[in-house]
Amino acid sequence: MAMGVLKSKRGRNSRRAPMAEINVTPLVDVMLVLLIIFMVTAPLLTAGVPVDLPDSRANALPQDDEPLNVSIAGDGTIYLGEDAVPQGQLGAALATASAGSACSEREVVLRADKTLDYGRVMGVMGELNRMGCNSISLVTNSSSESL
């Protein structure tokens, strides 16, 4: 079909018929720009504490609600979300962060630097368990290496 305007053959009072094609090029351009914007900003929406995670071959678990994010940096500093928690104040910070809902009802995502001592990570997990947080997920990087 021609891209131009069609002419009818009626004689003297001939009018141009309207073009019945939709130009989708601007729509595609806008959608590609939005796709690029979302691809660039999506990695920036993860937790803001830089942690060097260990590797694992396990599959990711599905998540329904917004979990409590607990991170342990390489120097041993504990973060609840993006806020640093003073030494020995994790329980109080958890009580304030889970305002209204019990810690046992929310999932806790624990991100720990791979250079940390195993005892330090277990100490934080023990404190989470003491506060009633029994659903704790450990975050790792995905890896294709076998042990």
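Trainee: Which strands form the open sheet, and in what order?

Mentor: Five strands form the open sheet, in the order 4-3-2-5-6, and the pairing is mixed. Helices (H or I, at least four residues) and strands (E, at least two) are DSSP runs, numbered from the N terminus. Two strands pair if DSSP finds at least two bridges between them. Do keep in mind that this is a predicted model: local features need pLDDT of at least 70, side-chain atom pairs count only at pLDDT 80 or more, and totals for chains, interfaces and linings use all residues. Residues are numbered from 1 along each chain as its sequence is written, and side-chain values use heavy atoms, with hydrogens and water left out.

Trainee: Thanks! Which are the edge strands?

Mentor: Strand 4 (83-85) and strand 6 (136-138), each of which pairs on one side only. On average, neighbouring strands of this sheet are turned by 30 degrees against each other, direction ignored. Axes here are lines fitted to C-alpha atoms, for helices over the stretch in contact, and angles run from 0 to 180 degrees between N-to-C directions.

Trainee: Do walk me through the pairs. Is the pairing of strand 2 and strand 5 parallel or antiparallel?

Mentor: Strand 2 (residues 68-72) and strand 5 (residues 108-112) pair in the parallel sense over five bridges. The bridge partner of Asn-69 in strand 5 is Val-109, and Leu-68 stands opposite Val-108. Val-109 also has a partner in strand 6, namely Ser-137. Strand 5 and strand 6 pair in the parallel sense, over three bridges.

Trainee: And where does the antiparallel sense come in for strand 2?

Mentor: With strand 3 (residues 78-80), over three bridges. There Ser-71 has Tyr-79 as its bridge partner. The hairpin of these two strands has five residues between them, and Gly-76 takes a positive phi near 95 degrees in it.

Trainee: How many residues of strand 5 are buried?

Mentor: Five of its five. Both faces are covered, with Val-108, Leu-110 and Ala-112 on one side and Val-109 and Arg-111 on the other. Buried means under 20% relative accessible area, exposed over 50%, and partly exposed in between (1.4 Å probe, protein chains only). Strand 2 is mostly covered too, with four of its five residues buried.

Trainee: What about the helices? Which strands does helix 3 lie across?

Mentor: Helix 3 lies across strand 2, strand 3, strand 5 and strand 6, and runs at about 165 degrees to strand 5. Helix 2 lies across strand 2, strand 3 and strand 4, at about 10 degrees to strand 3.

Trainee: Which residues of helix 2 are buried?

Mentor: Leu-90, Gly-91, Ala-93 and Leu-94. They cover an arc of only 165 degrees around the axis, so they sit on the same side of helix 2. That arc is the one spanned by the directions from the helix axis to the C-beta atoms. These buried residues pack against strand 2, strand 3, strand 4 and helix 3. Contact means heavy atoms within 4.5 Å.

Trainee: Now the core. Which residues touch the most other members of the largest nonpolar core?

Mentor: Val-70, Val-124 and Leu-128, out of 19 residues. The elements giving two or more residues to this core are strand 2, strand 3, helix 2 (90-97), strand 5 and helix 3 (118-130). Helix 3 gives the most, with four residues. A nonpolar core is a set of buried Ala, Val, Leu, Ile, Met, Phe, Trp, Tyr and Cys residues joined through side-chain atoms within 4.5 Å.

Trainee: What does Leu-128 touch?

Mentor: Not counting residues up to four places away in sequence, Leu-128 touches Val-70, Leu-90, Leu-94, Val-108, Cys-133 and Ile-136.

Trainee: Switching to the loop between strand 5 and helix 3: is Leu-116 buried or exposed?

Mentor: Leu-116, which lies in that loop, is buried, with a relative accessible area of 16%. With residues up to four places away in sequence left out, Leu-116 touches Ile-72, Ala-73, Gly-74, Gly-76 and Val-121. Leu-116 and Ala-73 are 43 residues apart in sequence and 8.1 Å apart in space, C-alpha to C-alpha.

Trainee: Last one: how many helices and strands does the protein chain have?

Mentor: Three helices and seven strands, running α-β-β-β-β-α-β-α-β-β from the N terminus on. Of the 147 residues of the protein chain, 22% count as buried.
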